[in-house]
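Here is a short briefing to read alongside the model on your screen.

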Amino acid sequence: MMFLDRTARTLTCLLLIVMAGAEVQETLSPDCKQFLYMGTLPRGLEEKPFKKICQFYMGSPRFVTLYDTFNHIPVYSAYTFKRSDGSKKVDVPWMYEPQLSTASGSREMETFPSEYVHKSFEDAQAVLDDYSDSVIFERGQLNPDEHQADPNDKASTYTLTNVVPQVREFNIGPWKNHEHTIRRRLNNYCRGTAYVITGVTNSGLQIRRHNINRLGIPTYLWSAYCCIDYDHNAPFSERSKFPAFAANGLNDRENNKVQEMTVPQLEDFLKKVTYVGSSFQLFYENCVPANSANSALHLP
């Protein structure tokens with residue numbers, strides 16, 4: 001009977017592996033590099049003790065997250081934009097990443113069980129209880145489901161490793177409007193693949209639970225995209241925002257307008273307000289294709 005029970009548990013685990021997954025990787029595998037322009041991670045964060053997560057769902061890689069296990073929030077999520085009507089998938093349970101807690105844990109992203117033991121995974125990542133008593137903050141996705149089209153791509157964004165505490169007024173107001181703006185722009189004028197990186201700066205403040213620091217509270221949210229194959233006949237107001245553009249916004253109830261800017265301007269901003277190195281660069285060669293007339297400007 002014990003053997004049969006173990007066999008049943010093994011089969012259950014195999015089913016979970018087929019259904020959904022995410023894997024912590026020291027070096028990203030080729031199938032996960034597809035979400036990064038030229039397969040290259042942002043430069044200037046190599047010395048930080050963050051975890052790279054290749055987010056799998058239904059057996060396929062969906063996006064990449066750099067995760068801060070101390071503050072229990074993502075530093076950024078990197079994904080490819082998919083043309084979308086902006087609809088949300090509302091019937092997906094929230095998930096967590098077992099390998100953030102122990103290297104011997106399952107490589108698969110898993111849904112939160114109805115009851116769980118604190119020491120099983122809570123020390124290294126956020127859990128649902130961290131957000132349950134918060135009045136000011138709500139779960140804000142860095143890779144938003146409205147920037148995905150396939151139902152499985154949308155579902156994969158519902159992991160707490162893709163979520164930060166966002167002030168409600170900012171999340172449903174200026175930041176949501178910015179996500180809509182980028183969706184419409186990339187839908188209409190990006191002809192090829194659009195690579196998007198969305199991240200945070202940390203305030204040093206924390207959401208506490210049972211008098212324990214649980215979640216780092218972002219000061220700013222920021223985002224940047226790179227699309228080298230775009231409509232050169234687009235109106236100048238849109239064409240001028242290609243091949244790459246960026247934005248940031250204050251995670252607050254007031255003074256939270258999202259400001260658009262060039263990618264180098266965002267990089268300079270992040271060098272001043274956060275821990276990135278002086279060599280920090282979001283996109284390989286600033287999202288300038290090698291055969292571009294402008295590429296000569298980026299040669300050493």
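Strand β3, residues 60–68, is largely enclosed by the rest of the structure, because eight of its nine residues are buried. This is a predicted model, so please read every value below as computed from it.

**Strand β3 and its partner β2**
- Strand β2 covers residues 51–57 and pairs with β3 in the antiparallel sense, over seven bridges.
- To find your place in this pairing, look for Lys 51, which stands opposite Tyr 67 in β3.
- The hairpin of β2 and β3 has two residues between the strands, and Met 58 takes a positive phi near 55° in this hairpin.

**Strand β3 and its partner β4**
- Strand β4 spans residues 73–81 and runs antiparallel to β3, with five bridges joining the two.
- A handy landmark here is Leu 66, which stands opposite Tyr 76 in β4.
- Four residues lie between the strands in the hairpin of β3 and β4, where His 72 has a positive phi near 60°.

- The side chain of Ser 77 makes a polar contact of 2.9 Å with the side chain of Asn 162.
- Leaving aside residues up to four places away in sequence, Ser 77 touches Phe 63, Val 64 and Thr 65, along with Leu 142, Asn 143, Asn 162, Val 196, Ile 197 and Thr 198.
- Thr 198 is 121 residues from Ser 77 in sequence, yet their C-alpha atoms are 5.6 Å apart in space.

- Is Glu 179 buried or exposed? Glu 179 is buried, because its relative accessible area of 5% falls under the 20% cut-off.
- The side chain of Glu 179 also makes a polar contact, at 2.9 Å, with the side chain of Lys 176.
- Not counting residues up to four places away in sequence, Glu 179 touches Gln 141, Pro 144, Glu 146 and His 147.

Note on methods: Residues numbered from 1 in each chain as written. Predicted model: local features only at pLDDT ≥ 70, side-chain atom pairs only at ≥ 80, totals over all residues. Heavy atoms only, no water. Buried < 20%, exposed > 50% of the residue type's maximum accessible area, 1.4 Å probe, protein only. Polar contact = N/O pair within 3.5 Å; in protein donor to acceptor, adjacent residues only side chain to side chain. Contact = heavy atoms within 4.5 Å. Pairing = 2+ DSSP bridges.
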